[in-house]
Amino acid sequence: MAREGSFKHRRRFLTGFVAAGAASAIPPVRAAEAQAPKPPSALPPNARVAAAETQVANELPPNRIGGVPGSDFMVDVLKTLDIQYCPANCASSYRGIHESLINYGGNRMPEFLTCMHEESAVAMAHGYFKIAGKPLMTLCHGTVGLQHATMAIYNAWCDRVPMIVIGGNDLDAATRPPNVPTFHSAQDINALVRDFTKWDDTPVSLQHFAQSMVRAYKIAMTPPYGPVMISLDAGLQQEPIKGRGSEKLYIPRYVPTAPPQGDSGAVKEAAKLLADAQNPVIVADRAARTPNGIKLLVQLAEALQARVVDQGSRTNFPRTHHLSAPPSAISGADVILGLELSDFWGTVNSFTDNGEHGLGHNSSRIKPGTKLISISSSELLTKSNYQDFQRFQVTDISMVGDAEATLPALLEAVKSAIPAARRGAIAQRGEAAKKAHADDHARTRQAAAIAWDASPISTARLVMETYNAVKHLDWSIVSQSGNVSNWQTRLWPIEQHHHWIGRSGGFGVGYGAPASVGAALANRDAGRISVNIQADGDLMYAPGVLWTAAKHKIPQLAVMHNNRGYHQEVMHVQRLANFRSRGSNYGGGMGPVGTRIENPDIDYRKLAESMGWWARGPLKDPAQLAPALREAVKMVQAGTPALLDVWTQPR
Ligand SMILES: Cc1ncc(C[n+]2csc(CCOP(=O)(O)OP(=O)(O)O)c2C)c(N)n1
Ligand SMILES: [Mg+2]
């Protein structure tokens with residue numbers, strides 16, 4: 001790394017501070033140096049800067065670094081990439097670009113959002129993308145900050161969500177400030193996340209930075225989407241721009257990459273299998289990358305009158321459509337088309353967690369001879385350490401390519417492959433699906449009515465009272481389900497891309513609250529109301545994101561599924577104790593030791609209020625829900641984040 005000229009004086013104040021604070025501990029200095037006047041700790045603002053900061057004057061003297069800061073050019077590069085926000089937790093290793101973003105860049109495109117944990121910042125970017133379809137960037141302290149961010153980056157990786165993570169790092173050991181900044185430096189910070197990012201780089205010049213940023217954005221936004229990582233040297237940010245001979249710095253133009261498509265021969269072969277099938281079933285997990293993906297999938301399903309199982313990592317298919325089917329629909333299939341499945345093996349096989357010798361056992365969910373077709377872009381990912389690629393499943397036709405981009409060709413091929421003689425049978429299949437869909441809906445409603453008046457409140461009532469309170473509005477569910485027995489996806493009329501943002505991807509808990517704030521930010525900009533069914537355990541990993549929501553005026557309706565515990569883990573410990581013929585050690589609580597969040601009970605109302613939210617609760621009587629929800633929705637519509645703490649049944 002070139003480090004000469006003014007860079008030698010970089011952060012002199014820090015060394016000054018160390019010298020003053022620990023005089024007895026430092027080695028003796030040479031006589032000439034000892035006589036030199038000690039530089040001040042930090043340069044004071046001159047009178048005109050002070051006046052400008054207090055908005056009295058606005059003309060400033062020339063800067064003291066002898067040129068344009070490198071990080072100003074970095075901001076110029078960022079501004080070409082249409083990045084709306086930068087949720088981040090502040091840190092000195094990126095202070096150069098931080099200062100440029102807010103002072104030179106005017107704190108717009110991107111706007112800096114103050115976050116209280118790096119994991120929250122990354123999860124906000126994750127949730128934001130799933131609504132806005134555009135990536136955000138985050139900045140973090142290269143070692144300790146990035147260590148905090150890792151789980152959230154892993155979730156984004158597993159969920160195929162793009163984002164640009166930039167970590168500040170001080171590479172040059174000869175010039176980096178001693179002590180804390182050196183503790184916070186590493187040879188290669190990107191190594192921390194290399195196993196679960198699509199690409200990373202460490203630019204060593206400003207021109208290198210410009211190329212790497214545009215390349216990083218392009219790679220992140222080429223399906224399969226994913227997070228990318230840039231290590232940003234502190235020196236490069238702080239040094240003035242140096243002319244390299246006659247070369248001038250330039251910013252490469254960003255041109256989006258067309259997504260990869262399934263091979264045309266394989267598309268035809270798949271179309272023939274589907275057209276000739278007696279009972280084809282489509283299973284989709286991340287098929288609809290955009291709202292258009294839903295339209296295409298509806299057209300394909302209708303052409304075949306094939307039922308569609310939406311595994312729900314995105315909204316792939318309208319739940320109200322007569323071809324929308326539960327997972328059990330695959331049992332009668334003779335052809336299954338899997339679109340961007342995270343786990344094809346787990347789709348067609350079941351795993352029961354109580355087999356012999358303490359291990360589970362496996363069985364098939366499908367008929368022998370069922371033909372399997374896969375279209376997935378994830379096969380282009382070849383990282384091998386983390387196991388997000390799941391168990392290996394043999395498929396009869398395997399297409400590497402993006403499902404949404406392949407659907408138009410597949411649809412055309414299917415239409416022309418359907419023999420005229422089969423049209424009657426296909427129409428009949430549609431009639432049977434209509435009946436199955438209506439029956440399934442009636443059964444689900446019956447199940448939801450069970451224990452309607454129970455206290456603590458049933459999860460079905462929690463979810464459906466919430467629906468009642470927002471159904472007249474343009475709503476968007478910004479939390480993952482599962483913990484509330486999937487009532488949202490089973491009973492809300494989920495039809496549009498923004499109605500449901502899917503799950504975390506890697507099932508790293510702590511994603512829910514910050515992802516909901518990120519998604520709510522995108523919904524705020526689109527004029528929608530965000531609904532977050534918030535689990536208690538998830539919120540307590542990093543509740544500071546509530547403050548970020550209030551600070552940046554990001555409203556949402558948070559309705560707590562407060563089951564006073566890590567219920568998923570309650571069940572795991574109980575299951576194992578039962579299997580081993582032992583009683584669980586409850587230690588005087590309501591569940592096994594280590595799994596409950598009670599005694600003392602957390603007062604989520606006070607927690608939220610203390611961070612600028614409107615809040616009520618705990619609500620324990622189901623009759624209190626509807627009026628409290630009405631009040632909360634009014635607050636959210638007025639722009640205030642609102643939280644209802646509700647004591648619920650475990651599931
Ligand atoms: C980072 C992380 N730590 C621990 C776990 C294990 N885990 C899975 S579910 C769960 C319970 C979460 O509690 P809560 O969010 O309240 O949901 P509940 O199961 O109670 O509905 C835990 C701790 C995990 N998945 N991720
Ligand atoms: Mg819980």
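Predicted model: local features only at pLDDT ≥ 70, side-chain atom pairs only at ≥ 80, totals over all residues.
1. Start with helices α11 (residues 264–276) and α14 (residues 403–417). Their axes sit 8 Å apart and the packing angle is about 50°, which makes α11 oblique to α14. The crossing of the two is right-handed.

2. Who makes that contact? From α11 you have Val267, Ala270, Ala271, Lys272, Leu274 and Ala275, and from α14 Thr406, Ala409, Leu410, Ala413, Val414 and Ala417. Sorted by class, the contact of α11 with α14 comes to 10 nonpolar residues, one polar and one charged.

3. On to the rings: searching the whole structure turns up nine aromatic pairs. Take phenylalanine 196 and tyrosine 386: the ring centres are 5.1 Å apart and the planes are at 85°, so this pair is edge-to-face. The two residues are 190 residues apart in the chain, with phenylalanine 196 in the loop between α8 (180–183) and β5 (199–201) and tyrosine 386 in the loop between β13 (371–376) and β14 (397–400).

4. How do those two partners fare for burial? Phenylalanine 196 has 4% relative accessibility and so counts as buried, whereas tyrosine 386 is partly exposed at 33%. Ring pairs also bring in Tyr154, giving a cluster of Tyr154, Phe196 and Tyr386.

5. Another edge-to-face pair is tyrosine 217 with tyrosine 254, at 4.8 Å centre to centre and 75° between the planes. Tyrosine 217 belongs to helix α9 (residues 206–220), while tyrosine 254 is in the loop between α10 (234–238) and α11, 37 residues apart. Tyrosine 217 is buried, with a relative accessible area of 5%; tyrosine 254, at 23%, counts as partly exposed.

6. Now the backbone. Most residues other than glycine have a negative phi, and most peptide bonds are trans. Methionine 109 and proline 110 are joined by a cis peptide bond, with omega about 5°.

7. In the loop between α5 and β2 you also find asparagine 107, with a positive phi of about 55° although it is not a glycine. Methionine 109, in that loop too, has a positive phi near 45°. Both are partly exposed: asparagine 107 has a relative accessible area of 27%, and methionine 109 has 23%.

8. Finally, a cis peptide bond also joins asparagine 599 and proline 600, with omega about 10°. Proline 600 lies in the loop between α21 (567–579) and α22 (604–610).

Definitions and conventions. Residues numbered from 1 in each chain as written. Chains lettered and ligands numbered in written order. Heavy atoms only, no water. Axes fitted to C-alpha atoms, helices over the stretch in contact; angles between N-to-C directions. Helix = DSSP H or I, 4+ residues; strand = E, 2+ residues; numbered from the N terminus. Parallel < 35°, antiparallel > 145°, perpendicular 65-115°, else oblique. Left-handed = near helix turned anticlockwise from the far one by under 90°. Contact = heavy atoms within 4.5 Å. Nonpolar A, V, L, I, M, F, W, Y, C, P; charged D, E, K, R; others polar. Phe/Tyr/Trp six-rings, centres within 6.5 Å; stacked < 30°, edge-to-face > 60°. Buried < 20%, exposed > 50% of the residue type's maximum accessible area, 1.4 Å probe, protein only.
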